Amino acid sequence: MKDSLRRTLWISRVTFLEAVRQRFFAFLLVLSAAMVLSSVSLRVFDFGHGELKFIADFGFGGMFFFGSVLAVVMTAQLFFSEIDNKTALTLLAKPLSRPEFLLGKFFGAWAVLGVFVLVLAGLQGVVLWAREQELVAAAEQAGRIPTTFSIVGLCQLVLLQWLRLGVVIAIVLAISSLARTFLFTVVVGSLAVVAGQLQWIAQDAFLRPTDSPVYTAFLWVSTRLIPNLQQFNLADALVLGSAVVEEGALISVGFSGLAYLVAYLTLGSLIFRRREI
Amino acid sequence: MNYAISVRHLTKDFRIGIRGLKLRAVDDLSLEIPRGQVYGLLGPNGCGKSTTLKVVLGLVSATAGEISILGEPSATSAARRRTGFLPEAPYFHKFLTGRELVRYCAQLSGVAASELDAAVEDALGLAAMNEAAGRPIGTYSKGMLQRIGFAQAVVHDPELIILDEPTAGVDPVGSASIGRMIHAMRDKGKTVVLCSHLLGQVEQVCDRVAIMDRGKLVLEGAVEDVLSRRDRHVMTIEAMTPTARAAAEAALEAHGAKITSVTHPRRSLEDLFRELVTGSRDA
């Protein structure tokens, strides 16, 4: 068990190094950071909402979108570079099991996305804090109640987003273990993310009574197979306090994410075990 | 006898296309590779050599047959711990240095932390890669890639080393260097399985050979036995004059023997090349 963990760790370490050296990662990180920073100068377009809400929506939107792109494309690339370049042949001829290889890839990619989320959330925190100071001073002068944001909520959101991206990576790895090409994996992985974002529609439809058992069965399978990625988007509630989020709800979202993550990694490992390299 | 590799009735079919047409890559192959020898697996491209090695290493599953490595069922972690593998046209992570790659492979192969540094330096030394080990792999020549590949294959001191086309695309100097590494492994009592279609090199380094064609084994035996023609003899004579030749022919005919050809001995183009180009270009 100890040896197995070590081997997984070494694979993830090299995967992490490979990923952070890619220009694609640097490009998306810079682009997302620019989006977070530009939210300050674009706040005049707040459409009547609070400034902090606009800044948070804009910045977190960039984090969600570019994080998903990174999770799909980078994971597929990291997997297929090993298969196409045949480095997987060298590694899998060693006493390294295929689940260890896949888990190593997962943890390496997840660590990269951890860095991505942490850097952007840190920037977002600084931007929100700086604007909050100005708004508090202005509100005190005007005798109004100032708008604030929650640091604790921001930390909780970082964890939720990281978990959400972990689920996406696990789905992409499960697809990669079956797929033959990088392009197929990226297309199907992207569709899976879109389906995850829209899963709540299927969930709503499932709760409505229908006459068709086939339709009901389809909805039941869809709502179990596809994770609801929208449930992780609690930026407004957690960071700006627009709604009360009970601790139980957060734990439930966390467990649901972990369950999907484990399920897709297990599925990927089972498929990859039988794959001929 | 406990063989390094024992393959019994191995068959491997690949399914091609949507209709699942069957392509038989290896057809009822049985092989037993003795320990402590350099064994050449020969054959033209597509004859099933690499597939056989992949099945032996558990990278591809067998359709039928039994395989064991060093007495253990093949594809088990225990068997692979005692095996080193250099794939054909190896490609490694370009951003790692040679030393980092060998260290990474040693860690994956289960080398203890206390022995890691020594094992890595020994393997780099054996492959003559000490000096270049600090450079990123992306800067290596083809010959250096093969040598660092050899180092990663032997870093955990395996009993069995499998080399798939180790000299493909490598110049004669690099090829000779790999030949020396193979000999060094044999001197240490290791079993080396060499898969190649460069027959000259195989003849020089191998003790036994097997020749495959269209997935089947067509010949197997010791190199000496396979290549020798026991009914023919070669003599190399210095300063032979026409008179001496006539006398020799007469003497041989008196004993019922006959000279069928007289030629001048030639050295191989490879030997000549190696003599002229002393290879330190890769170091």
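Which residues does Ala64(B) touch, not counting residues up to four places away in sequence? The answer is His9(B), Leu10(B) and Thr11(B), where contact means heavy atoms within 4.5 Å. This is a predicted model, so local features need pLDDT of at least 70 and side-chain atom pairs count only at pLDDT 80 or more, while totals for chains, interfaces and linings use all residues. Residues are numbered from 1 along each chain as its sequence is written, chains are lettered from A and ligands numbered from 1 in the order in which they are written, and side-chain values use heavy atoms, with hydrogens and water left out.

Ala64(B) itself belongs to strand S4 of chain B; helices (H or I, at least four residues) and strands (E, at least two) are DSSP runs, numbered from the N terminus. With 34% relative accessibility, Ala64(B) is partly exposed. On that scale, buried means under 20% relative accessible area, exposed over 50%, and partly exposed in between (1.4 Å probe, protein chains only). Val154(B) sits 90 residues from Ala64(B) along the chain, and 30 Å separates the C-alpha atoms of the two.

Now for chain B as a whole. There are 10 helices and 10 strands in chain B, and its C-alpha atoms fill a box of roughly 70 × 50 × 40 Å along the principal axes. Chain B has 283 residues, and 44% of them count as buried. Among the contacts in chain B with a separation of 6 or more, 68% come from residues 24 or more positions apart. About 14,800 Å² of chain B is accessible surface, and carbon and sulfur atoms own 52% of that; the areas come from the Shrake-Rupley method with a 1.4 Å probe, and for residues only the protein chains shown count as cover. As for charge, chain B carries 34 positive and 33 negative side chains, with 5 Å between the centres of the two sets. Here Lys and Arg count as positive and Asp and Glu as negative, leaving out His and the chain ends, and the place of a charge is taken as NZ of Lys, CZ of Arg, CG of Asp or CD of Glu.

Two loop residues of chain B have a positive phi. Leu70(B), not a glycine, shows a positive phi of about 50° and is found in the loop between strand S4 (64–69) and strand S5 (72–73) of chain B. Leu70(B) is buried, because its relative accessibility is 5%. Arg214(B), also a residue other than glycine, has a positive phi near 50° and lies in the loop between strand S9 (208–213) and strand S10 (216–222) of chain B. Arg214(B) counts as exposed, at 72% relative accessibility.

Strand S10 of chain B also holds Lys216(B), which is partly exposed with a relative accessible area of 42%. Leaving aside neighbours within four places in sequence, Lys216(B) is in contact with Asp27(B) and Ile211(B).

Phe65(A) and Phe66(A) make an edge-to-face pair, because their ring centres are 5.2 Å apart and their planes stand at 75°. Phe65(A) is exposed at 52% relative accessibility, whereas Phe66(A) is buried at 12%. Phe101(A) and Phe272(A) are stacked instead, 5.6 Å centre to centre and 25° between the planes. Phe101(A) lies in helix H5 (residues 98–142) and Phe272(A) in helix H11 (residues 247–273) of chain A, so the pair ties together parts that are 171 residues apart in sequence.

The charged end of Arg98(A) sits over the ring of Phe272(A), 5.6 Å from its centre. In chain B, Lys12(B) lies over the face of Phe14(B), 5.0 Å from the ring centre.

Technical notes:
Rings of Phe, Tyr and Trp (its six-membered ring) pair if their centres lie within 6.5 Å; planes under 30 degrees apart count as stacked, over 60 as edge-to-face and the rest as tilted. A charge sits over a ring if NZ of Lys or CZ of Arg is within 6 Å of the ring centre and within 35 degrees of the ring normal.
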